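Please open the model in your viewer and keep the sequence panel beside it.

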Amino acid sequence: MQELKGSRMGTEKIPKLMMELAIPSIIAQVINILYNIVDRMYIGHIPDVGAVALPGQVISAPLVLIISAFSSFAGGGGAPLAAIALGKNDKNEAEKILGNAFSMLTLMAVVLTIVFTLIKEPLLYLFGASDVTFNYANDYTSIYIMGTIFVQYALGLNLFITSQGKTKNAMFSVLIGAIANIILDPIFIFGFDMGVQGAAIATVISQTLSAIYVLRFLTSEHSIIRIRKKNMGLEIGLIKRIVSLGISPFIMQATESAIVIVFNTGLLKYGGDLYVGSMTIMQSIMQLLTVPVQGFTQGVQPIISYNYGAGNYKRVRETVRHSMKVTVGLTVSYFLLVLFVPGLFARIFTTNSDLLALVTRVLPIYMGGMWLFGVQMSAQMFFVGVGEAKKSLFIALLRKVIILIPLALILPNYFDVMGIYYSEPIADILSATTSGILLYMTLRKLPG
């Protein structure tokens, strides 16, 4: 049965296989963002202190994001390599990669827990905490940090389930945590009167449940590859391969914190609090719109990896072609919606007339390059999927570090506060065009 499942990656019709793997992955990505959204909903309704406690929890978001990003070193780098090994029919190599990734995640969790416990105070002030909001941010992060190991397992190892084409099981692991968080949040926040600390405890318990499911699956007969003690010894050569590929998704996630800081600092300097609020809303809208595309590419990536490992390059090209149609189709549709009905999205997050008017005016500008963004997401998926570490790293750095952050710092000198909004579409168009050209040239060089 396991062999049949694996062989379908190389024989099933691409459109059917893509939908089968992508839909659960999309659902998992959407569910995953519920963690912070649910926490914020409940925290914002804490009697008397909700209005102050909510910014405190939001301030902790970059640190939470960084902890999550570290799981990509092992999971984001190891899972595609394991899928490529399965395509080569080398199960032992795939299990070695999984075992090393497990050990890496464990070591990183220990180090991150110690380091962030020691430096969380200056970090929270760097992320924008004030004397009023610091205590709430500290309450949340102090508890969340203690659950770092469960975050690493739940996120990092879950990708090894997806890499086998078992996206329904990967989705279920996320669903367990999300449902638990929705149930436990009001119990700890209001029932036990624990406030922000209760929200953090609920989140850690939820991540623990997800981690238990993932570990149980990857040690069971239902998994094509399993975590085995004999494969947990770290091999330097293998670690280098995992890290060189994993650094790309790590940067994609970790640099979000830097972008938030650069944007908010510039908007506060050139515009004021209202403009900072507009960016918070627009980034939330961007996340809601791009999460389904990210889920789709994550679900499709194992098809790329498996067939690349099997040497079936014609099937690799076909998968990329179909993926590009879907991702670009989605991002073009999103762009048209934002262009013609920006107020519809703005009203989801605010009823303040001034803020609503500002977001409605600048949202089409901010997302002006979104129509082409599907190209970059497909290209990023391809290069990670085939183990092209250098190219995937270049694409990860290109949009955010090489183009976006410098533009956000330079353009306000010429266009005032609007320069910050202009930086996003310029970065999207330039990086997507470059990524598309690089993808086209790479595909042409594939044999067959």
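In which helix is threonine 203 found? Select this residue to begin: threonine 203 belongs to helix α10. Please keep in mind throughout that the model is predicted. Threonine 203 has a relative accessible area of 2%, and it is therefore buried, since buried means under 20%. Leucine 184 is 19 residues from threonine 203 along the chain, and their C-alpha atoms are separated by 8.2 Å.

**The whole chain**

The chain contains 19 helices and zero strands. Its C-alpha atoms fill a box of roughly 60 × 50 × 35 Å along the principal axes. The radius of gyration is 22 Å, which agrees with the value near 22 Å for a compact globule of 448 residues. Of these 448 residues, 56% count as buried.

Among the contacts in the chain with a separation of 6 or more, 81% are between residues 24 or more positions apart. If you switch to a surface display, you are viewing an accessible surface of about 18700 Å². Carbon and sulfur atoms account for 66% of that surface.

Select residues 148-162, which form helix α8. This helix has 15 residues and reaches 21 Å from its first C-alpha to its last, close to the 21 Å expected at 1.5 Å a residue. Is α8 mostly covered or mostly open? It is mostly covered, for twelve of its 15 residues are buried. The buried residues include Val151, Tyr153, Leu157, Leu159, Phe160 and Ile161.

The buried residues of α8 pack against several helices, including α5 (61-87), α7 (134-146), α9 (167-191) and α12 (273-309). Helix α10, where the tour began with threonine 203, is also one of these packing partners of α8.

**A buried serine**

Move to serine 323, in helix α13 (residues 313-340). Its relative accessibility is 0%, so serine 323 counts as buried. Which residues are in contact with serine 323, leaving aside its neighbours within four places in sequence? They are Met18, Phe296, Val300, Ser378 and Met381.

**Two loops**

Select asparagine 89, in the loop between α5 and α6. Its phi is near 65 degrees, a positive value in a residue other than glycine. With a relative accessibility of 64%, asparagine 89 counts as exposed.

Then select aspartate 193, in the loop between α9 and α10. Here phi is near 55 degrees, again a positive value in a residue other than glycine. Aspartate 193 counts as exposed, at 67% relative accessibility.

**A nonpolar patch**

Select helix α6 (residues 91-126) and find valine 111 within it. Valine 111 has a relative accessibility of 47% and so counts as partly exposed. Together with Val110, Ile114, Val115, Leu118 and Ile119, Val111 makes a nonpolar surface patch of about 530 Å².

**Salt bridges**

The last stops concern charged residues. Side chains of opposite charge can pair when their charged atoms come close. How many salt bridges does the count come to? The count is five.

Select glutamate 12 and lysine 16, which form a salt bridge with their closest N and O atoms 4.0 Å apart. Glutamate 12 counts as buried, at 18% relative accessibility.

Next, select arginine 241 and glutamate 93, whose closest N and O atoms are 3.0 Å apart in a salt bridge. Arginine 241 lies in helix α11 (residues 236-270) and glutamate 93 in helix α6, so the pair ties together parts that are 148 residues apart in sequence. Arginine 241 is partly exposed, at 38% relative accessibility, and glutamate 93 is partly exposed, at 21%.

Finally, select glutamate 424 and arginine 399, which meet in a salt bridge at 2.4 Å, N to O. Glutamate 424 is in helix α19 (residues 418-445) and arginine 399 is in helix α17 (residues 389-410), so that the pair links distant parts of the chain, 25 residues apart. Both glutamate 424 and arginine 399 are buried.

Definitions and conventions
Residues numbered from 1 in each chain as written. Predicted model: local features only at pLDDT ≥ 70, side-chain atom pairs only at ≥ 80, totals over all residues. Heavy atoms only, no water. Patch = residues over 30% accessible without salt bridge, like charges linked within 9 Å, V, L, I, M, F, W, Y side chains within 5 Å. Areas by Shrake-Rupley, 256 points an atom, 1.4 Å probe, with all protein chains shown as cover. Salt bridge = Lys/Arg side-chain N within 4 Å of Asp/Glu carboxyl O. Helix = DSSP H or I, 4+ residues; strand = E, 2+ residues; numbered from the N terminus. Buried < 20%, exposed > 50% of the residue type's maximum accessible area, 1.4 Å probe, protein only. Contact = heavy atoms within 4.5 Å. Rg over C-alpha atoms; globule rule 2.2 N^0.38 Å. Expected span 1.5 Å × (residues − 1).
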